[in-house]
Amino acid sequence: MRLAVLVSGSGTNLQALLDAVDAGGAPFEVVVVGADRDGTGGAERAAARGVPTFVCRVPDFDSRADWDAALARLLAEHSPDLVVSAGFMKVLGPEVLAGVRVVNTHPALLPSFPGAHGVRDALAHGVRVTGCTCHWVDDGVDTGPIIDQRAVRVEDGDTLESLHERIKVEERRMLVEVLTHLAADRSWR
């Protein structure tokens, strides 16, 4: 299964995918990595592995629709079977979503705590269990059908950073397992 991976930050989810490929037996390959800004760790990780990269910045376009159309074209150039939004902090528009199926990881147990601050919001709410979700992307914000979830206990004294790091560990594991399953069962196409 050919994956296009979209990143905005350090690329730890991308690294989990690259490591799974390196370990052998992964039924997927990362064919391109796209970033929404210059200098992301994710794009650097991809380039170090010889994976093609591109940057598609919203400020470089006259409108969000123009950015979405450009992103759709850049993705289509690599013919991915699936796009993985792995810490990509932009809402994808209709042209991208019409071109290829997209999965996203989110650091909370959706439908609770959607949006950019799922970990912070879970801590502020005082939950004792939070976690991560992998879901299909639709035209909402973290509203698509859920594929898988993993629970993470909130420990006494957790900070935003300590809790988020434990969630990221589960998120990476879950993402590799979900993509392995989707590669084996292509009924989602």
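**Sheet and helices of a predicted model**

Five of the six residues of β1 are buried, so strand β1 is largely enclosed by the rest of the structure. Buried here means under 20% relative accessible area, with exposed over 50% and partly exposed in between (1.4 Å probe, protein chains only). The model is predicted: local features need pLDDT of at least 70, side-chain atom pairs count only at pLDDT 80 or more, and totals for chains, interfaces and linings use all residues. Residues are numbered from 1 along each chain as its sequence is written, and side-chain values use heavy atoms, with hydrogens and water left out. Helices (H or I, at least four residues) and strands (E, at least two) are DSSP runs, numbered from the N terminus.

Strand β1 belongs to an open sheet of seven strands, in the order β3-β2-β1-β4-β5-β6-β7, with mixed pairing. Two strands pair if DSSP finds at least two bridges between them. The edges are β3 (53-55) and β7 (146-153), each of which pairs on one side only. From one strand to the next, the twist averages 20°. β1 and β2 run parallel and are joined by six bridges; A4 stands opposite V32 in β2.

Further along the sheet, strand β4 (residues 82-85) pairs with β5 in the parallel sense over three bridges. N104 in β5 is the bridge partner of S85. On the β6 side, N104 has H135 as its bridge partner. Strands β5 (residues 102-106) and β6 (residues 129-136) run antiparallel and are joined by four bridges.

How many of the five residues of β5 are buried? Five of the five are, so β5 is largely enclosed by the rest of the structure. In a regular strand the side chains alternate between the two faces of the sheet. In β5, V102, N104 and H106 lie on one side and V103 and T105 on the other, and all are buried, which leaves both faces covered.

Helix α1 lies across β1 (2-7), β2 (29-35) and β5, and runs at about 160° to β2. Axes are lines fitted to C-alpha atoms, for helices over the stretch in contact, and angles run from 0 to 180 degrees between N-to-C directions. Contact means heavy atoms within 4.5 Å.

Helix α1 (residues 12-23) also packs against helix α6 (residues 160-184), at an angle of about 45° and with the axes 9 Å apart. The two are therefore oblique to each other; angles under 35 degrees count as roughly parallel, over 145 as roughly antiparallel, 65 to 115 as roughly perpendicular and the rest as oblique. On the α1 side the contact is made by T12, N13, A16, L17 and A20, and on the α6 side by K168, E171, R172, L175, V176 and L179.

V119, R120 and L123 in α5 meet L160, L163, H164 and I167 in α6.

Helix α3 (residues 64-76) contains L75. L75 is buried, with a relative accessible area of 3%. Not counting residues up to four places away in sequence, L75 touches A4, L6, F54, P80, V83 and V96. L75 and V31 are 44 residues apart in sequence and 9.9 Å apart in space, C-alpha to C-alpha.
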